[in-house]
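Subject: Structure for you to look at

Hello,

Here is the structure I promised to pass on. Please open it first, then read my notes beside it.

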Amino acid sequence: MAPEKSPMDVEHVGPEQSEGITSPPRPNLRGSTDGSSHPLSASFTSALPSVAHPDVFAEMQAKIVELASEDNVSPYNEEDMLNRVLVARNLHVAEAFHMWQNIVAWRKQYQPEFLSEEEAAPYLKLGVISTCGPDVNGRPCIYALNRNHIIDAEHHDRNLRTIVNVLEKTTVESSKIADGFIAVIIDQEGVGRKNMDTHLFIGKPGLVQVLQEYYPERLGSCYIIHTSWIFRLMWAIISPFLDDKTRKKVHVLPHTEDLLQYFSLDRLPADLQAKMNAAAAKAKK
């Protein structure tokens, strides 16, 4: 009998394991291949045979019309969004409807698409979060340099809002150029206790809550590099708050160069490019 995995277990991906990571196909939002009028998102069809999609999707639509007709408008009733919510709740329409209601209420109140430059500037200047990519699947990527984040309870809400705004923009971009999924690179190099902001990750609100409850089926893959005992400690704290689907998308790469399985060099952040080029030059000597 195999031993149970502990909360600190996370998938380590090396070159020999790359075949185990699969990417959902690009969603067909214009209609199913069998000629039906119901579109099929990639995330939905990966979880359920397409033949069952029309009835479940129609039931979700009917529930919205019956119980929340005032919100049966774009962007809340867009087919891709409803498909992702259904997948996130394993096709249980009642649970998916409840999740959808929470998303609509959150978006109305939080307005993640709006953020003033004045509000965002202090945190963006720290260089904690930026964008890069796209990856080999065409997905834009968020790059988090965690050593630049310092625990700051006074500005928690502002910092979180800035990160969510970047997440929002990246998701919108992915829906335009890729499959609606995004990639994330988390760089743990130089991280110490002053950077271990568990409240930012698992607070209410925190990044885990925002990603899982308000951006369902949007994370494609998360790659973590330069890990240490600090990461193992953080992972032991954070991983129990991740659902199984999210946890399986987190991959620890033993070597920075392993990112080249998923990104071309020129699509990575400039500092990572420089490190890889320096390492390659040193290896030639």
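Does Arg-107 count as buried or exposed? At 17% relative accessibility, Arg-107 counts as buried. Buried means under 20% relative accessible area, exposed means over 50%, and partly exposed is in between (1.4 Å probe, protein chains only).

Some ground rules come next. This is a predicted model, where local features need pLDDT of at least 70, side-chain atom pairs count only at pLDDT 80 or more, and totals for chains, interfaces and linings use all residues. Residues are numbered from 1 along each chain as its sequence is written, and side-chain values use heavy atoms, with hydrogens and water left out.

The whole chain

The protein chain has eleven helices and six strands. These are DSSP runs, numbered from the N terminus: helices are H or I with at least four residues, strands are E with at least two. Of the 285 residues, 47% count as buried. A contact means heavy atoms within 4.5 Å. Take the contacts between residues at least 6 apart in sequence: 75% of them join residues at least 24 apart. The chain exposes about 14900 Å², and carbon and sulfur atoms supply 54% of that. Accessible areas come from the Shrake-Rupley method with a 1.4 Å probe; for residues, only the protein chains shown count as cover.

Salt bridges

Side chains of opposite charge can pair when their charged atoms come close. A salt bridge here is a side-chain nitrogen of Lys or Arg within 4 Å of a carboxyl oxygen of Asp or Glu. The count by this rule is eleven.

Back to Arg-107. Its salt bridge is with Glu-168, and the closest N and O atoms are 2.6 Å apart. The pair links distant parts of the chain: Arg-107 is in helix α4, Glu-168 is in helix α6, and they are 61 residues apart. Glu-168 is buried too, at 8% relative accessibility.

Lys-245 forms a salt bridge with Glu-217, at 3.8 Å between the closest N and O atoms. Lys-245 sits in helix α10 and Glu-217 in the loop between α8 and β5 (219-225), so this pair ties together parts 28 residues apart in sequence. Lys-245 is partly exposed at 31%, whereas Glu-217 is buried at 13%.

Arg-247 pairs with Asp-244 in a salt bridge, with the closest N and O atoms 2.7 Å apart. Both lie in helix α10, three residues apart, about one turn of the helix. Elsewhere, salt bridges that share partners join Asp-80, Arg-84 and Arg-218 into one network.

An enclosed helix

Why is helix α8 (residues 207-214) largely enclosed by the rest of the structure? Six of its eight residues are buried, so the rest of the structure largely encloses it. Among them are Leu-207, Gln-209 and Tyr-214. The buried residues of α8 pack against α4 (93-110), α6 (156-177), α7 (198-202), α9 (229-238) and α10 (244-247).

One buried threonine

Thr-162 is in helix α6. Thr-162 is buried, with a relative accessible area of 1%. A polar atom of its side chain lies 2.9 Å from the backbone oxygen of Arg-158. Beyond neighbours within four places in sequence, Thr-162 contacts Leu-115, Glu-119, Ala-120, Tyr-123 and Leu-124.

Best wishes

Terms used: A polar contact is a pair of N or O atoms within 3.5 Å; within protein, one must be able to donate a hydrogen and the other to accept it, and residues adjacent in sequence count only if both atoms are side-chain atoms.
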